[in-house]
Amino acid sequence: MDNVQPKPLPPHELPELNQIGKPLRRVDALGKAVGATDYAADFSLPNMLHAKVFRSPVPSARILKLDVSKARALPGVACVMTGEDVKDAKLNTDLPGQTGREARTGSDAPVLASETVRYVGEPIALIAAETLAIAEQALDLIDLELEELPAVFDPQEAMKPGAPILFEPDNIVARYKVRKGDLEAGMAEADQIIENTFKMPFVEHAYLEPDGGVAWVDEQGVINIRVCTQVIEHFRSIARALDVPQNRIRVRGTMVGGGFGSKEDITVEIFLAFLARETGRPVKLVYTREEAFAATSKRHPFSITHRTGVKKDGRITAAQISLVANSGAYPYLTPYVLLYATATATGPYKIDNVHVDSVAAATNQTFTSAFRGFGAAQAAVAYEQQMDEIAKTLGLDPLSVRQANYLATGDATATGQVVKSAAWLEETATRALHALDERTASTPTRRIGRGFASYFQSYGRIMWFHDTSRAWVSVEQDGTAVIRCGVPDIGAGQSNSLCQIAAEVLGIPLHRVTVYATDSAVTPLAGTSTATRQLYMSGNAVCSAANTIAARLKRRAAEQIGVSEDAIVLENTRAHDVANPDSFVELAELAKLCAAEGIELSHLSQFNAPFVEGLDENGQGEIWPDFTFGAHAVEVAVDTETGQIELLKSAACHDVGRAINRAAVHGQIAGGSHQGLGYALMEDFSFRDGFIQTPSFAEYMIPTTEDLPVTRVIILESGTGIGPFGAKGIGEPSLTPAAPAVANAVADALGVRIPDLPLTPERVLAAIDRAREEGLLT
Amino acid sequence: MSHAFSPVSEGDAVTLPAFDLLQPESLRKALEFLDENRNARPLAGGTCLLVDLRKRTTEAEILLDLTRVRDLRGIRIEEDELVIGAATTIAEVLADSLVEEHAGVLHDACRTFAAPLVRNRATLGGNLVHASPAADTAPPLLVLDASIELQAIGRRRVVPITNFFTGPCESTRREDEILTSVRIPIFNGVRHAYTKLGQRKADAISVVSVACLAIPGEGPRIALGAVAPRPTRAWDAEEILKGVELTPETAKLAAKVASEEARPIDDLRGSAAYRRREVEVLVRRCLRQLIDDQGGDVDGS
Amino acid sequence: MEARVVSLRVNGRDHEVLCEPNATLLDVLRDLGYTDVKSGCEQGDCGACAVFLDNRAVNSCLVLAWQADGCEIVTNRGLGTMDVPHVIQAAFADSGGVQCGFCTSGMVISTKALLDRVPDPTEEQIREALSGNLCRCTGYGQIVGAVRLAAARLQGRASAVISSLREEGQEQDPEDPVLALDDEEEGGEEA
């Protein structure tokens, strides 16, 4: 893995564009930089109440008595609500978004627990009071009597007969299988069979902005909820919980201070809606950091076992994989996370004979749900380590084992989905490794190792969700443009990309586009900011709307100038003859002409992802619209006496199809890498008997500025994505290869593998001790 | 350690509990307040105390704010001692050239203390009064043989730091006393080494910390943090090195003895076994640094 | 104990605030409308609440309002506005160092604290100065780039501040020697 030369790129076309691809200052950047942007907690209304949530102190119990009378009687308390008061309200934890499909039965959680509690932090009652201090005092006045019940914490234990049941009938929240080819024949054909198990912990999203918001009832009786969220379409579930029509809930999403999947679930919205309705006053609820940790979703722990048949030359003849995931106390998006993990379990490799079996079971811990990578990240932790183990067993270079198996465009995945776009796996892996430069020299107590990981990650949602997105674009009479789009901006530049696309198509500078976003009542619904879908879906919708308007402008300009329509380009705020730029009409003038003549310069476009109906009983079929491919490589130094791992070098190379805003793409790759590196090195959201051991930033370690080197970012653009201008998606993909790259580098340094994340110093030393005992290490 | 939820008495609050806040402008006034209110808790930077109050892991009816008492700040040389006012912030200690020159081991520890924003509020006195077994400034002050000045109305005493810590988060400070300054003897030709192991490179509580001092004509001094109920000198290890040359071999032996005399516990940040093992590694490395800094072996006789 | 009126000068403006002994400076500032000062953890771990208190950068969640009586406080908003941003704020906006933006106000404060003392910091010094400010979006690389860009601009080594969104030619100056993307390699050249 030293002195790797980048594989030359295949011929590909990338037309030069005016604004697309440039690292322009984002439209939201300055407001945030000067502190002008108001987030969910930065908002107040007159007469506003402050809310607190009363939560379970234990992981498993029956509620014997809940007496809130003293809390209600405290002066300054406006109301206290319990499960009694919201009796039939269920929190639909399923399928956020716009598709209108039926929720899976059993996927609901109670809005407020009234019979049993299943995890520490589960909501039991709501308080609204004149001040936060009074609301907190009222928490102390609630009398809760519990009968503690047996609890279960490990998914394998949860599936055994006799385990306490959280999810009827057997705690199994989801299970899948994939069957392709003939596993036994494939194994028989193999020269070696290699088996390993890899484990990953709960992980906390650790966004800087705690969940929260403000709700009020407006003059139409509509409940308004101003909240940081990745999904404004939750208004439908909120309406259902409150038993009101869907058009009586308005979700106003704010600029989100980080979500990473945790704000994909409903967090404070239903609580706020109930309290606002009950009191008739505005109510504010902002989680403490401890609540954000304990009572919002976590990344699924997984245990993944690979049994792989391989030929001497590294070709994989058969793959048998089993995955067990921890669903926590309620299902939430577990079935989908499990599906992603199952369908990507083999990695980006062409394998003819595959069996994958997966299961997720409920336990008495914080519920697990979406987190950047969404199961495919966990799958990569396992498959890329397995690939390196295969290399080691066969005595082959890790890169050559990949090369023997990489998917190519036109090949099919384990579920039989054909890869249609560029699959620049070798191109990205070689560039990432090349960027590590000269290997640092080892010393006896400071052992250097290198590792990399390739991956594939979908962008766009599961196609049987029938995903759609809408955007409205208009050109004003002075030639500026407006976009209205429901897109939630969670910090990756979701709304800026739309502006940059419109600016390109309409030929105006970025700063002449204003976007109004994220209001379920007022902006066309654009779906969730999840699943690496916004650029693809809303970007295409904006592109389409802008192109429709551009066509009208060009037609009118052509008349004005006296050339044919296809001779007109929109550029530099003008419509001009491509052959003669001095023959032009200013866009502003053109807009006024069109307005006067009734030519509509606004357009609402809907973009539909391809629709499919689902996998067959063997897990065969298409799932996602497309994939992003890439790699991450690292060089580490392991201190063999302290067990500490120092990350010396980090390089990431991804084919993003087309970069819309280069600085934003760079930022996503650097940021996703950082989360993946933290996942490998130090992040462990741990429980003991259901009690959280890492309740705040003091205990839960995320990397600081001093913990990681700069990740060198190499952006490739094949132009083959199905997003605007050939873009793919990068939000989740950027995280997926980072953790396995580190695990592989550490194994390279030590000669033995630590199969569990995170790679703590104690685990490193234990591995070193083992290796010394076995004579593998001096 | 576990985190339970609501009620607030279990720690689920944003607001601090109610307390009275006394804000004297002079040391005399501060001592009077404390004399009249023996249960008042001294508050300086608040970077530990306010956090513990918010989490309800400690209580206070009255806080005595010392941040306005000028006499408690400042760094100066008095005769043969470097005197640091107790309410001097860690940032001020870190930036001070007298400290860097005469108490380099303390300077090094302050570099690793929390993070810059916290250092601008946390104080040396506060770190010592909080008396965490992992207190970052303790091992350096132990090897420097610092003394702690404590004052009450009509009373002043100076306690060797080796007697100051009495248990986890317990010190010899009496309830009517304020820790007013830290006094460090000035040596010449001293070499030092300091190292801290944490769960990450910045803003981390010590898992193990080690401070060493080599004074001409004496055996090296070694202090350990976060591996015993209180910060402590590694007396047995020091004993091994008395009167012998400090060489890589004797350093190794001393390190082994130090790890045996440590009394670490298992906690969230590390197991006792790991900590004990790392005491050996870090003491050995610090002693090696002392050797290397001199460019050779250290004569301890 | 009774609430008391404390005097705070915030971003050059005087305020008289009635508050309890247990009120933190963070809470009081936010109640006064300085919502650029963010609450991220309430215990000094994340740096999102950083402000200048008599010229020292501190976590405002760990300062009692009464302790700040008579003091001068500068928050991020006090450094610049949309129309006239501070060089540091503009550098953050220009370099990709702002993603979700929640950590940004605290980062700007810590950056100013650094550049006021060390006008030309090394990467190591920058990372140390910001080690108490957590960011979950950027991986810190473009933030370090922002600080370097700000330092270069303050010293006149890089092009003038792009002071307003309303200015034409919003692209970064290609002559700018400290463009924050110097960690990136061109990977798409070969055909």
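Helices (H or I, at least four residues) and strands (E, at least two) are DSSP runs, numbered from the N terminus.

This is a predicted model, in which local features need pLDDT of at least 70, side-chain atom pairs count only at pLDDT 80 or more, and totals for chains, interfaces and linings use all residues. Residues are numbered from 1 along each chain as its sequence is written, while chains are lettered from A and ligands numbered from 1 in the order in which they are written.

**Chain A: helix α10**
- Of the 19 residues of α10(A), 16 are buried (20 or more other C-beta atoms within 10 Å; exposed means 12 or fewer, partly exposed in between; C-beta atoms are placed from the backbone). The helix is therefore largely enclosed by the rest of the structure.
- A:Gly395 follows α10(A), with a positive phi near 70°.

**Chain A: Gln477**
- A:Gln477 sits in the loop between β19 (468-475) and β20 (481-485).
- A:Gln477 is partly exposed, with 15 other C-beta atoms within 10 Å.
- The C-alpha atoms of A:Gln477 and A:Leu590 are separated by 8.3 Å, though the two residues are 113 apart along the chain.
- Leaving out residues up to four places away in sequence, A:Gln477 touches A:Ala588, A:Ala591, A:Lys592 and A:Ala595 (contact: C-beta atoms, placed from the backbone, within 7 Å).

**Chain C: overall build**
- Chain C has 5 helices and 6 strands, in the order β-β-α-β-β-β-α-α-α-α-β.
- Of its 191 residues, 62% are buried.
- Among contacts in chain C with a separation of 6 or more, 58% join residues 24 or more positions apart.

**Chain C: α2 against α5**
- α2 (residues 87-94) and α5 (residues 141-154) of chain C pack at about 135°, with axes 8 Å apart (lines fitted to C-alpha atoms over the stretch in contact; angles run from 0 to 180 degrees between N-to-C directions).
- From α2(C), C:Val87, C:Ile88, C:Ala91, C:Phe92 and C:Asp94 meet C:Ala146, C:Leu149, C:Ala150, C:Arg153 and C:Leu154 of α5(C).

**Chain C with chain B**
- In this interface, 22 residues of chain C contact 25 residues of chain B.
- Strand β4 (residues 56-59) gives the most to chain C's side, with 4 residues.

Definitions and conventions: Two residues are in contact if their C-beta atoms, placed from the backbone, lie within 7 Å.
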